[in-house]
Amino acid sequence: MVSVYALLAVLAIFVVLFAIERLFPLRESRGGLLSRLIVNGILSGLAFFIAAVSVRPSALRALNWASEKPFGLFHLVSMPMWAQFIIGFLLLDLSFYYWHVLNHKVPLLWRFHNVHHIDPELDVSTGFRFHFGEVLFSTVFRVIQVSILGISFTTFAAYELVFQANTLFHHSNVRLPLRLERLLNTVLVTPRMHGIHHSQVQGETNSNFGVVFRWWDKLHRTLGLNVPQGKIEIGIPAYILPGDNKLWRTLFLPFVKQRDYWRKPDGSLAQRGAAGFQGKTSKLAE
Ligand SMILES: [Zn+2]
């Protein structure tokens, strides 16, 4: 029952963000919304299906197993429920940070995660656009994650909901007043911060890996904020041709010969001038 309400809440958040980003867009759209929505909708549907039949049941089985054994970090040290909840919540998010880094660093995983990144624009519909293969791989990660932590079902369910909600939020193209976003960004991963993660510039894509909290990027020196959204070109340079985002291409992409990801079709590299990012943290730019 909990999951039905969670699903409805996530759906409502999607609809609200979709409406706001049409009214107050952060980055300019280059058109082609309908064709992107179709591709993203089908990829997201497949991802949800795999998550429902593989990730969720496996994670729940691992949760039960860990609590019956008992196995995992939280069964080794006794602490009050509220402390378990907070620390469990934080550790789930930290482990997702590492999983996202691995998806960028391990060539096999990147083949699949790249399908998420080649979306030529970034909005709320990109939020769940993942290749089903990436979702399958994440089943293994989820089982290891919840078993090692030995978290409670409550922590798992609460984190899951916040994870989905913030994933939609930080992928959205909603233009928040800069001061408000900077304030939110002291805690959360926000649209401008994650927009930099979808930039065509290699060093920028390999920054801002966080899902819910921005602190893990700060801690691991992967935080980069000083890139104005108007200067960001979204996508992966080698896959920016219109034909690259056709549904069948995206589905087969991980299984075919890979291009030199960071070179555009004309052979040039996507770079930023001297005033660019260069790993500086600074504050979120407009
Ligand atoms: Zn990524």
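Which protein residues are the donors of the zinc ion, and through which atoms?

Author: Happy to. Bear in mind that this is a predicted model. The zinc ion has His 100, His 104, His 113, His 117 and His 197 as its protein donors, each through NE2, lying 2.2 Å from it. Written as a spacing along the chain, the donors read H-x3-H-x8-H-x3-H-x79-H. Look at two of them: His 104 sits in helix H4 (residues 81-105) and His 197 in helix H9 (residues 191-197), so this pair ties together parts that are 93 residues apart in sequence. His 104 counts as buried, at 10% relative accessibility. His 197 is buried too, and its relative accessible area is 0%.

Stay with helix H9 for a moment, since Arg 192 is found there as well. The side chain of Arg 192 meets that of Glu 286 in a salt bridge, 3.1 Å from N to O. Glu 286 belongs to the segment after helix H12 (247-252), so the bridge ties together parts that are 94 residues apart in sequence. What about cover on the two sides? Arg 192 is buried, with a relative accessible area of 0%, whereas Glu 286 counts as partly exposed at 43% relative accessibility.

The segment after H12 also holds Arg 259. Its partner in a salt bridge is Asp 244, with the closest N and O atoms 3.1 Å apart. Asp 244 lies in the loop between helix H11 (215-219) and H12, so here the parts tied together are 15 residues apart in sequence. Asp 244 is buried, at a relative accessible area of 4%, while Arg 259, at 36% relative accessibility, counts as partly exposed.

Now for one more pair. Asp 119 and Arg 129 join their side chains in a salt bridge of 3.8 Å, N to O. Both residues sit in the loop between helix H5 (107-117) and H6, 10 residues apart, and both are buried. Across the whole structure, a search finds 14 salt bridges.

Val 146 makes a handy place to start clicking around: leaving aside neighbours within four places in sequence, Val 146 is in contact with Ala 59, Ala 62, Leu 63, Ala 66, Ile 151 and Phe 156.

Last stop, the surface. Val 4, Tyr 5, Leu 8 and Leu 11 make a nonpolar patch there of about 430 Å². If you want to find it quickly, pick out Leu 8 in helix H1 (residues 2-23).

Conventions: Residues numbered from 1 in each chain as written. Predicted model: local features only at pLDDT ≥ 70, side-chain atom pairs only at ≥ 80, totals over all residues. Heavy atoms only, no water. Donors = N, O, S within 2.8 Å, 3.2 Å for Na, K, Ca; no water. Helix = DSSP H or I, 4+ residues; strand = E, 2+ residues; numbered from the N terminus. Buried < 20%, exposed > 50% of the residue type's maximum accessible area, 1.4 Å probe, protein only. Patch = residues over 30% accessible without salt bridge, like charges linked within 9 Å, V, L, I, M, F, W, Y side chains within 5 Å. Areas by Shrake-Rupley, 256 points an atom, 1.4 Å probe, with all protein chains shown as cover. Salt bridge = Lys/Arg side-chain N within 4 Å of Asp/Glu carboxyl O. Contact = heavy atoms within 4.5 Å.
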